[in-house]
Amino acid sequence: MTDSSLQAPAHSPTLENLRSLLIIRSIALLGQLCVLCYVLMVSRTTEDLLGMTAGLSLLALLTVASFWRCSKPWPVSDAEFLAQLLMDVLIWTVLMYFTGGANNPFISYYIVPLVIAAAVLPWRHTWLVAVSSLLAYSLLLYFFRPFPLFTPHAHVGHGNSNVHVLGMWFNFLFSAGLITYFVVRMASQLRLQEARSVAQREQRLRTDQIMAVASLAAGTAHELGTPLATMTVLLDEMLASEELDTQTRQDCELLKQQLQQCKSTLQDLAHTAELNTAGESEVGELGYFVTTTVARWAVRRPGISYRIEQADAASGAMIEYDSTLGQAFENLLNNAVDAGSAAVEITSDRVGNEAVIQVRDWGSGISPELLEDIGKPIIRASRSGLGIGLLLSHATVERYGGRVELRNAPDQGAIATLYLPLRETT
């Protein structure tokens, strides 16, 4: 357990982004070290290099400390990543101050933290990095220590150098504005596209699972037809015999009724498949849909007490439905009873442009694992059996533009809420 918890952050995108930032910082640090070595080799003096050396040492210490931090199992927040970028801007400003300010060609490195912020951080954080970089660049136009290597025209009495530096500043200002706006916008679009792709993959996976369940159900219904017909014929022959005693005859009559119920269910299944293929549905009152569905369900669940309440706002509300939506509603009722609840409360209401049907039970509640996977294309054990019913209920309700929400009740049991869009009568 400890090993998995330590390994998980190593593969997080934010931690990988921080490592990439540290690699970029190390490359910049190496470049400045080369400049320092070149100056020492050419001038053979350490004059005016104390500030640059201190800045490089500070940057190296920050880089080493950050690499050590990456080895720890701590999550990387946006605030921490922003602090790293602002530290880059601050230390780079110190380096530029001691090496010629805006005359230093490495001044353009300010664009690197800005691009990184635009790619991985929220909009407001990117603007903070942009303002900090622009402020630092602007101050370095006037406040800096001359550095002979990068200010060769400092002793010349003409303004060409100043015009060049000012042009570089305007170029940075223009680039920073474009990056802050357009790169952030493009990065957000890429993240949105990735989220949509993930949702589409989950939808395809769920559709494949539903089709597999539907194929299995169709095959099962077909296979059950023959043995049901055989048992019906045998029961008719037994009932035609005059040698049966009263108790046996009553049992056979009951078995025949149950077989007729099975055949009727299979016929309804085939009829539903035909309607779904043709795309047929009907528009009816919310109260009628709830009442008839619960009454049909109660026949299969004798001994379960239930209560139906309808808010005044739901009076006259119209919804579109077919038998599959009724089956999805029944699945929620079955889940409530399967949780160990001896009573179920069904309420219907109208909220805005949606019809709301709520199923309240007093059972064992819903496990956190199942709540986390509600609506996902995952079939795992529910409170008493497979979660296929929930998966099919979600798929059916979403086909009508609705949704299903499940939550645990504050005291005991669970509450399943079915949202359906209202329809206008024609």
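**Exercise 1. Classify the accessibility of K256 and identify its salt-bridge partner.**

Step 1. K256 has a relative accessibility of 26% and therefore counts as partly exposed; here buried means under 20% relative accessible area, exposed over 50%, and partly exposed in between, with a 1.4 Å probe and protein chains only. The model is predicted: local features need pLDDT of at least 70, side-chain atom pairs count only at pLDDT 80 or more, and totals for chains, interfaces and linings use all residues. Residues are numbered from 1 along each chain as its sequence is written, and side-chain values use heavy atoms, with hydrogens and water left out.

Step 2. The partner of K256 is D236, with an N to O distance of 3.0 Å in the salt bridge. A salt bridge is defined as a side-chain nitrogen of Lys or Arg within 4 Å of a carboxyl oxygen of Asp or Glu.

Step 3. K256 belongs to helix 8 (residues 246-278) and D236 to helix 7 (residues 160-240), so the pair ties together parts that are 20 residues apart in sequence. Helices (H or I, at least four residues) and strands (E, at least two) are DSSP runs, numbered from the N terminus.

Step 4. D236 has a relative accessible area of 33% and is likewise partly exposed.

**Exercise 2. Describe the surroundings of E345.**

Step 1. E345 lies in strand 4 and counts as buried at 18% relative accessibility.

Step 2. A network of salt bridges links E345 with R307 and E309.

Step 3. Not counting residues up to four places away in sequence, E345 touches R307, Q358, V359, R360 and W362; contact means heavy atoms within 4.5 Å.

**Exercise 3. Determine how the buried residues of helix 9 are arranged and what they pack against.**

Step 1. Helix 9 (residues 286-300) has 15 residues, which should span 21 Å at 1.5 Å a residue; its end C-alpha atoms are 22 Å apart, which agrees. The expected span is 1.5 Å times one less than the number of residues.

Step 2. The buried residues are L286, G287, F289, V290, T293, V294, W297 and A298. Seen down the axis of helix 9, the buried residues fall within an arc of 160°, so they line one face of the helix. The arc is that of the directions from the helix axis to the C-beta atoms.

Step 3. Y288 and V299 are exposed on the other side of helix 9.

Step 4. The buried residues of helix 9 pack against strand 1 (282-285), strand 2 (305-310), strand 3, helix 10, strand 4 (343-351) and strand 5 (354-361).

Step 5. T293 has a relative accessible area of 1%. Leaving aside its neighbours within four places in sequence, T293 is in contact with G326, F329 and E330.

**Exercise 4. Characterise helix 10 and the residue G340.**

Step 1. Helix 10 (residues 323-338) has 16 residues and reaches 22 Å from its first C-alpha to its last, close to the 22 Å expected.

Step 2. Of the 16 residues, 13 are buried, so helix 10 is largely enclosed by the rest of the structure.

Step 3. Just after helix 10, G340 takes a positive phi of about 100°.

**Exercise 5. Summarise the chain as a whole.**

Step 1. The secondary structure comes to twelve helices and nine strands.

Step 2. Buried residues make up 36% of the 426 residues.

Step 3. Among contacts between residues at least 6 apart in sequence, 74% join residues at least 24 apart.
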